[in-house]
Amino acid sequence: MNVAERVHVMPLGFEHDRIVEPAREYRADRVILLDWIADDIERPPYHDDVLSDLAEAGIDTECRECELFDLYDSIAVIAEIVTQEATPNDGDEFANDVYVNLATGSKITAIGGMIACMVTGDAEPYYVRAERYASGTEPVGYGMELAIDLPAYPMDRPDYQQIAVLDRLVESGPCSKKELIRFGADRDLCFVSDCDRPFDASGKPTKQSYARLRRHVVDPLVDRGFVTVESVGTTRQVRATEAGRNAGRAFSYLLESE
């Protein structure tokens with residue numbers, strides 16, 4: 001790739017013009033449509049028109065599955081796309097310019113798209129205002145009056161090792177701190193790998209490794225409400241909360257990109 005591509009991420013909701021017209025207006029090279037239809041909803045016929053009109057405009061199009069009424073799936077899918085597109089591949093000189101259309105899906109997808117832009121910091125969100133609106137079996141809006149750029153403020157997110165530990169807790173259930181230290185060693189997580197002496201001569205975790213686990217992983221996750229620490233007998237068990245499970249879903253792209 002010699003030049004950056006202009007890639008627009010757009011939910012394929014109940015819209016036609018607010019997908020096709022900004023892609024034309026801003027000369028998109030590619031459009032990635034987030035596609036999902038509930039079992040009790042019939043796919044509208046103008047979806048085919050969206051695909052054919054984009055193709056006629058010379059814009060490459062691909063569809064990615066994304067549950068448009070699920071906040072955490074929306075964050076995860078959009079953030080993963082942004083990360084992939086905004087990172088140069090081996091041998092590429094430039095990353096792509098990524099734009100996220102917040103107007104063409106559900107309100108939940110719009111919120112998820114905005115969060116994804118903020119946590120990645122690598123995409124520009126925008127909102128397209130229609131000239132007029134309709135209801136029923138027709139597209140929700142007609143025409144394109146204005147595309148409004150929206151500011152994407154940086155948002156702090158859990159780091160890679162915190163998401164890896166969350167994923168472990170969700171998959172395996174509550175774990176002792178000793179188990180998490182051994183998991184961190186197996187996965188080469190930096191709270192262990194950067195420790196001067198994570199294990200003693202007998203192979204048991206040292207006080208230093210327990211302190212690093214608490215400072216770099218457990219305490220930040222507790223502060224966010226993503227895990228709880230409970231006494232079970234003589235051990236301390238770390239358990240993922242419902243918020244932690246949702247955060248693990250939303251930020252799972254960090255594990256895949258790594």
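**Exercise 1.** Determine how much space lies in the largest cavity, and which residues and elements line it.

*Solution.* About 30 Å³ of space lies in the largest cavity, where a cavity is a set of points, on a 1 Å grid over the protein atoms alone, at which a 1.4 Å probe fits but cannot get out, and a volume is the space filled by probe spheres set on the points. The model is predicted, so that local features need pLDDT of at least 70 and side-chain atom pairs count only at pLDDT 80 or more, while totals for chains, interfaces and linings use all residues. Residues are numbered from 1 along each chain as its sequence is written, and side-chain values use heavy atoms, with hydrogens and water left out.

Next, the lining (residues with an atom within 4 Å of a point) consists of Pro 11, Ile 78, Val 100, Asn 101, Leu 102, Gly 105, Ser 106, Thr 109, Ala 110 and Gly 113. Strand 4 (97-101) and helix 4 (107-120) each give two or more residues to this lining, and helix 4 gives the most, with 3 residues; helices (H or I, at least four residues) and strands (E, at least two) are DSSP runs.

**Exercise 2.** Describe how helix 5 and helix 9 are placed and which residues meet.

*Solution.* The axes, lines fitted to C-alpha atoms over the stretch in contact, of helix 5 (residues 160-172) and helix 9 (residues 242-250) come within 9 Å and cross at roughly 120 degrees. The two helices are therefore oblique to each other, since angles under 35 degrees count as roughly parallel, over 145 as roughly antiparallel, 65 to 115 as roughly perpendicular and the rest as oblique. Finally, Ile 163, Leu 166 and Val 170 in helix 5 meet Gly 244, Arg 245, Ala 247 and Gly 248 in helix 9, contact being heavy atoms within 4.5 Å.

Notes. 1 Å grid on protein atoms, 1.4 Å probe; cavity = no way out; pocket = protein on both sides within 12 Å on 5 of 7 lines; lining within 4 Å. Axes fitted to C-alpha atoms, helices over the stretch in contact; angles between N-to-C directions.
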